[in-house]
Amino acid sequence: MRIAVILLRWVMNFVYFFMKLLPTDGNKILFLSRQSDTPSEDFMSLSRRILDFKPDAKIVMITQRADSNPGSMLRFAGATLKSMRHLATARVCVLDSYWPAVSVLKHKKQLAVIQMWHAMGKIKKSGYQTLGKKFGRSHMIAEEMRMHYNYDVVIAGGRAFNPFYCASFGIDENILYNVGLPRMDDLRENVERSRELFYATYPQYRGKKIVLYAPTFRKGKVISANSIVRAFAPRKDTVLVVKYHPNQIKSMEAQMEAEKCDEVPTSVVLSVADCVITDYSAIAIEAAVLDKPLYFYLFDYEDYLSHNGLNVNLPDELPQCVYTSAKALEKAIRTGRYDTEAYEEFREKYLPDMSGRATDKIANLIIGCMENDKHDAIRKIISQQAAVGSTLDSKDTVRT
């Protein structure tokens, strides 16, 4: 197996050597994602803002969800070959997940690679932190496929997550840019528009309490929301909306019982939700952006610790908001019992210091890398961030 992986890497670099003979297009920005077959909200928002600032920019997006079935693997192979041609000629590459061609290939020096990880934080372990674990990758694959190599900048959330970004990606802290993701801006700015869209699509839910349940991804596991659906079933004044991770395997029983609101994205449901239930998902940070009360349903806590692991010990951070019983969780939401003080401390700790206008900041970073030496542009941006962080530390400023 190792020999096959090494051979694949060698062949890719051999083909790429000739692709790099093509001239670089100084206006080309390549977006890559294996999270979904369609561009994410972050990609769309960021690309629109780049074009606002630089109308002559050329945006190329390649999005191909990577599953284990043969058809998906074949399509991803085609997407990888296509991405190599654009990597050879682009000035900037933005990706939101691990993309093998980015990490295993030797790129032109002027190509700037920006990892804009799809989650707003690192509540759960990932990448190099989970090698050899059930939900992680093998040590051999990570080593031979150069997992998370070649990043010039990593877009990150709150600074409290920084040690975990470094451990997950195998990087130094000096390439982290703690501004959050474009969808943070979208969440803040589009609340009213999202509410109008939700109730226009689901008018029957007007006047009811909306509870969003969004569990995290568990690799290779079938999960069911039946216990939590049943706990809320007697509540006629409440709508429980279940939004699974797009890569998650769902049980058919849960699919039939749960209200999914498939006609609107999770961000729209989040905007109208009265509270949010999750487990180890970074949607907790998105909920915190909108100041939504958070509850954690950790029905498989010990199992998840052994199979994946956590960076944030939720029972310690928000002890009165963590439940292993669906009935106890429903009762807490029904009675309004909540530790507001602990929640505010959580928000202060894990939201970015420079929260706000993330889209503009990332767009300016990309354009700076296109119009100047990438190292100079990145050094300037990171040094500005460091200055802001020092000022905030000295003033003991509370983040909002």
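**Ground rules.** I am working with a predicted model, where local features need pLDDT of at least 70, side-chain atom pairs count only at pLDDT 80 or more, and totals for chains, interfaces and linings use all residues. Residues are numbered from 1 along each chain as its sequence is written, and side-chain values use heavy atoms, with hydrogens and water left out.

**Helix pair.** I looked up α2 (residues 41–53) and α7 (residues 182–189), whose axes come within 8 Å and cross at roughly 90°. That makes α2 roughly perpendicular to α7 (65 to 115 degrees). The axes are lines fitted to C-alpha atoms over the stretch in contact, with angles from 0 to 180 degrees between N-to-C directions. Helices here are DSSP runs of H or I, at least four residues, and strands are runs of E, at least two.

Which residues meet? On the α2 side I found Glu41, Asp42, Ser45 and Leu46, and on the α7 side Pro182, Arg183 and Asp186, with contact meaning heavy atoms within 4.5 Å. I sorted the residues of this contact into four charged, two nonpolar and one polar.

**Positive phi.** Most residues other than glycine have a negative phi, so I checked two exceptions. Asn150 has phi near 75° and sits in the loop between α5 (139–144) and β5 (153–156). Cys261 has phi near 50°, in the loop between α10 (252–257) and α11 (266–272).

Buried or exposed? Cys261 counts as buried at 1% relative accessibility, while Asn150 is partly exposed at 34%. Buried means under 20% relative accessible area, exposed over 50%, partly exposed in between (1.4 Å probe, protein chains only).

Conventions:
Parallel < 35°, antiparallel > 145°, perpendicular 65-115°, else oblique. Nonpolar A, V, L, I, M, F, W, Y, C, P; charged D, E, K, R; others polar.
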